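Subject: Structure for your review

Dear colleague,

Please find the structure below, together with its sequence. My notes on what was found in it follow directly after.

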Amino acid sequence: MIQNDRLRDIFAKALLARSFEARLIKLTAEGFLPPLLHPGAGQEVAQIAALSALKRDDPVLYSHRGVAYMIARGTSLSAMIADMAGRAGGTNNGKGGIMHVVDLPNGIYGESGTLGGGLVVSVGMGMALRRRDPGRVVVHFFGDGASNRGTFHEALNWAAVQKLPCIYICENNGWAVSVPTSVSTAVENIADRAAGYGIPGVVVDGADPDAVMAAVANAARRARAGEGPSLIEIKATRLLGHYAADPQDYRADAASVAQRDPLAALRRRVIELGLLDEAEIEAMTAAHEAEIDLAVEAVKAAPPLDADQAFTDLYA
Ligand SMILES: Cc1ncc(C[n+]2csc(CCOP(=O)(O)OP(=O)(O)O)c2C)c(N)n1
């Protein structure tokens, strides 16, 4: 069982991620931000619980879904908004939006715009860590859709052969845009594919932070001991659309899915355990909103990027 202070911390961060994302969606609707966010609502508890099982400087390659990876590591809210808004002060100088937040001091190494690209990048990082920094592990989050790309096979095979310190976390939310997993994928569990690489594969419930943390802690112990990679499949819930303005007209459960919200379940649990009461959660939410207000104000006051910066920091 997760200790109480850790559980409270996971809840607080997931609550902040939910509020922050809601504000990004509002700012998008108002036209201040471009419509580039893939909401992570429903997946935050698992994402934050997974990162709670690792060390702060273990590198993270994240999936495009949501902001909770960065919230878990303490990335500046205003920097993330500036990245989206194309204003000064962002982590990628407004050149990569929310999908390419890179916050190296907090171990955030970004995402590949090419779906599944991060899988092979993580193998290179695993090889580098093994040589230069033994004992550290790289974790890569990706979706069920990405697991059907060839890079998944290449990456897991080589990571397994080389016994690299990599943790592969598939957040299976049942959808790749509007395509249900059942239509694209023949196996029942993505984790079943681990057998094909001779590595452990486990399935965990994304609404169960204890199970997520335990699975990631076990994978990290193996990886740090030189025993190689693991594949963890989180059965996740995508509460919102593929992107912020997705009408979800393909989705029969769009109206009822909120009943399966892992954050609401964790809220009930922290109250039942006596870790927080309703008034404290309200106060926490108000403090988060005030923190977000400050970040938004700072970005609105920041200048747009200079046109002469458009071609700096680019490889080609
Ligand atoms: C090579 C490539 N093909 C298609 C896309 C467009 N695309 C972005 S996200 C996505 C769906 C991804 O589904 P999944 O991996 O299950 O992650 P989820 O969005 O459900 O979190 C697609 C098709 C892309 N970015 N790269």
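I begin with Leu 104, which lies in the loop connecting α4 (77–85) to α5 (117–132). Please note that this is a predicted model. With a relative accessible area of 48%, Leu 104 is partly exposed. Together with Val 102 and Tyr 109, Leu 104 forms a nonpolar patch on the surface, and the accessible area of the three residues comes to about 240 Å².

The next topic is strand β7 and its neighbours. Strand β7 (residues 230–235) pairs with strand β6 (residues 201–205) in the parallel sense, over 5 bridges. Within this pairing, Val 204 stands opposite Ile 234, and Asp 205 has Lys 235 as its bridge partner. Strand β3 (residues 166–172) also runs parallel to β7, and 6 bridges join the two; here Cys 170 stands opposite Glu 233. Strand β7 is mostly covered, as 5 of its 6 residues are buried.

Lys 235 and Glu 233 form a salt bridge, with their closest N and O atoms 2.8 Å apart. Glu 233 has a relative accessibility of 0% and therefore counts as buried. Lys 235, by contrast, counts as partly exposed because its relative accessibility is 29%.

As for salt bridges in general, the count comes to 18. I would draw your attention to the following:

- Arg 267 and Glu 278 form a salt bridge in which the closest N and O atoms are 3.0 Å apart. This pair links distant parts of the chain, with Arg 267 in helix α9 (residues 262–272) and Glu 278 in helix α10 (residues 278–301), 11 residues apart. Arg 267 is partly exposed at 24% relative accessibility, and Glu 278 is partly exposed with a relative accessible area of 43%.
- Asp 253 forms a salt bridge with Arg 260, the closest N and O atoms being separated by 3.0 Å. Arg 260 counts as partly exposed, at 46% relative accessibility.
- Arg 18, Glu 44 and Asp 261 are connected in a network of salt bridges.

With kind regards

How values were computed: Residues numbered from 1 in each chain as written. Predicted model: local features only at pLDDT ≥ 70, side-chain atom pairs only at ≥ 80, totals over all residues. Heavy atoms only, no water. Patch = residues over 30% accessible without salt bridge, like charges linked within 9 Å, V, L, I, M, F, W, Y side chains within 5 Å. Areas by Shrake-Rupley, 256 points an atom, 1.4 Å probe, with all protein chains shown as cover. Salt bridge = Lys/Arg side-chain N within 4 Å of Asp/Glu carboxyl O. Helix = DSSP H or I, 4+ residues; strand = E, 2+ residues; numbered from the N terminus. Buried < 20%, exposed > 50% of the residue type's maximum accessible area, 1.4 Å probe, protein only. Pairing = 2+ DSSP bridges.
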